[in-house]
Amino acid sequence: QPVRLSEYRVANHSVTTVALDVALDPTATRVNARIDVVPHPQGVAGAPLVFDGDDLVLVSLSVDGVALPPEGFEATPERLTIFNPPARAFALEIETRINPEANTQLMGLYRSSGTFCTQCEAEGFRRITYFPDRPDVLAVYTTRIEADRALAPVLLGNGNLVETGDLEDNRHFAVWHDPHPKPSYLFALVGGDLAHVEDHFTTRSGREVVLRIYVEHGKEGRCAYAMDALKRSMRWDEEVFGCEYDLDIFMIVAVGDFNMGAMENKGLNIFNDKYVLALPDTATDQDFAQIEAIIAHEYFHNWTGNRITCRDWFQLCLKEGLTVFRDQEFTSDMRSRAVKRIADVRLLKSAQFSEDAGPLAHPVRPEIYKEINNFYTPTVYEKGAEVIRVLKVLIGAEAFKTGLDLYLKRHDGDAATVEDFIACFAEASGRDLTQFFLWYRQSGTPDVSVETHHDAVEGTFTLDIRQSLRPTPGQSMKEPMVIPLAIGLLGEDGVDRPLLTDDGQQVAGVVALNAERHRFTFSGHPTRPVLSINRGFSAPIRLKTDLRREDLAFLARHDSDAYNRWQAMQTLATQYLTDASEAVRSGGASPAPDILLEAMRAALAGSEQDPAFAAQVLTLPSEADIAREIGTNVDPSAIFAARRALRTALAQSLGDSLSGLIERLAPTSSYSPDAISAGRRALANVALDLLAAAGDAERLAAVARRFHAADNMTDRLAALAVLVQHQGSDREDALATFEERFRTDPLILDKWLALQAGIPEAGTLDRVRALMSRPGFHATNPNRLRSLVGSFASLNPTQFNRIDGQGYDFLAEVVIGLDTRNPQVAARLLGAFKSWRALEPARRAKAEAALKRVSETDGLSPDVRDIVDRSLA
Ligand code: ARG
Ligand code: ZN
């Protein structure tokens, strides 16, 4: 049953053109597919034709216009087999009947608040018609859609609109033609009563492109930011990667029910409405930034994903890692590069390092899967992007650019592999990238430890570096990786010294490990320099150094690498918090060291020079960050207590500076979502949160006033987030006010749900259960579930990990209940158990029992079965 990379074979039958004729109906949609089939020259001659299906009902079937006799084929819901297909090109006509209304999986053709829409990646097209539903079968599609005009006045498909017309009985139709051969996962159609906003873009070679964003009526006013982000993405991709758009129209459709963030269907992107709709009063700065990034991401897929697609699903990172890399670069150019890097590393560590350290670890390019939907992971996406950064550092920006240009040229129109991609960089750089390829093959986060030695007499400074990679599921033995480490050596004045090897040669600021141990000696250091290493997070590793607290505080102040200034402060805080958590566990306490308080005070003092950066510096490591650092026998309550004590100490020691800062950051003009203004709000809100940590009534009252006075969602939600962390009437008043104000807007109430799910108090589980059974809560909508249940399980460590195990039981119960309706989202929620083995024994036992209960449930979907089996393995 598992699919293996090593077993890849070309399809025996490929497809050149597809003509789909879809008659939309809520419960009985008719799909006629005319598929031009050719035996693949490299396939098995004379093999039966086998097409994929999923939940399909066949109505009729013919070959070259002649109905096939029953003994000539077999059609099950999962498969269509034609025993003796012609040994030449032929036309297959397939009629199927599907029920979009009953499609609760949200894969294939389904309805979201009355709108017909599709999601075909990875294997949803087979829920529409029988097809070789694999990414290496590329065909030219024409889609005719017809529907009742009242039910679906808008009919959209991939490519360019070629015909529309009226039919009898109030019906109408539209025909769309996409000239670019594509795999079935990029197919899309939409039918419904939607409003749209329109704009235009002229490509650099003069193509006039119509841009449209389709939304529910009444939401047109919330699309401007997304439209602007789209135009900036299109321009940027031309300028930076030389990628131009290739159709006459580009459409985005926002839907309320969507399993993931968005989907890059050719010319017809379909989005979770959360990542399209934004106004100052409805969206936070973070929402604006996410919208910008996801609009860009999906648009960038037009080249990296669509024009160059994947040979098979093992190559998923080929399009996703690269496209994440591209959207990260876009954001870095639009906003602050350092702040973006910090945000990306935070996400990488919290989502991917934790995955890599647990039972769900897998390589960036997996070699085996049971359910591909479970591989749309932080490892494939975020580590996939990170590995491309490693490559860029290794071969240098210039060779990297040459290699990428070569890839875009050479493989345009191909279904490619990671090997194809890397070969372009090997060629461009003249380097052997065999060892580099281990980043794709070996799972787990490399551990790198650095010991330094200063010899004052010789004036040398030596780094002894070791790397190791722990065993991960399916990989007990590991080979050493190639790990580029950007470094600097700071003199007493805080300035970078030249990097001279022991024979006096000056070297560039990167050392590369390629063996288990390495020694690097630098000369010209009569006094001990301070090492700044893995600058810019040049490699996605877990780093241990012998830097002392004083060194970290020094780096936090002086490092010329902004990322490492942030990292130094994080390391300083993390080291203290891991010790303090251990102290709490053994019933003791460990007061915050002055050096940490002073480093924070220093960061605060210079914070107005770069508020967005300072906001990151002043944000303490999360409970999950600390848990990851501790690694085993994790006690979430102890971590929470240690972290809370530090926040209180900071509030007390920095109180006046924090209030002063908040006053000085008060806005002087009306809200604008730009990065500079957002940075000022971020800093003010971080300061507000810290200040309130002392918990005194007066300060909380001030936060409540800020909440009521806020004229934008960022400040309103930030204040609410502070209030919900503190028991009392301010909290309940603010929650009620917010609910009343946004009662009719589920997307906004999601924020309200998430905040409540995150309250670190024993009553939260009951609160979450109560919220779930409110009449307005649509327990089948992925956004509602993620906001309430997902936030509870992944953003509330003390309550999800309740010592009585009820948090685990709750999640298990939700997953089991949801699995029959939406396995993909159920499997994703279950992923919250990914670190269960790192827990202390009592909680570990409770988590295991909950997982076992899921495992023993009859009729689990392949999605949940796969996650639960791997989690327990
Ligand atoms: N390709 C989409 C994106 O990156 C993700 C779609 C995944 N959908 C799924 N059902 N697995 O942006
Ligand atoms: Zn993507």
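Residues are numbered from 1 along each chain as its sequence is written, and chains are lettered from A and ligands numbered from 1 in the order in which they are written. Because the model is predicted, local features need pLDDT of at least 70 and side-chain atom pairs count only at pLDDT 80 or more, while totals for chains, interfaces and linings use all residues.

**Helix pairs**

Helices (H or I, at least four residues) and strands (E, at least two) are DSSP runs numbered from the N terminus; axes are lines fitted to C-alpha atoms, for helices over the stretch in contact, with angles from 0 to 180 degrees between N-to-C directions.

| Pair | Angle | Axes apart |
|---|---|---|
| Helix 2 (residues 285-300) and helix 3 (residues 316-334) | about 135° | 9 Å |
| Helix 4 (residues 337-356) and helix 13 (residues 623-630) | about 35° | 10 Å |

Helix 4 passes helix 13 in a left-handed crossing (the near helix turned anticlockwise from the far one by less than a right angle; clockwise is right-handed). Lys-349, Ser-350, Phe-353 and Ser-354 of helix 4 meet Ala-624, Asp-625 and Arg-628 of helix 13, where contact requires C-beta atoms, placed from the backbone, within 7 Å.

The crossing of helix 2 and helix 3 is, by contrast, right-handed, and on the helix 2 side its contact includes Glu-292, Ala-293 and Phe-300.

**Ligand 1**

Of the 15 residues around ligand 1, Glu-121, Met-260, Met-263, Asn-373 and Tyr-376 come nearest, a residue being near if its C-beta atom, placed from the backbone, lies within 6 Å. Strand 20 (262-263) and helix 2 are the elements that give two or more residues to this shell.

Definitions and conventions
Contact = placed C-beta atoms within 7 Å.
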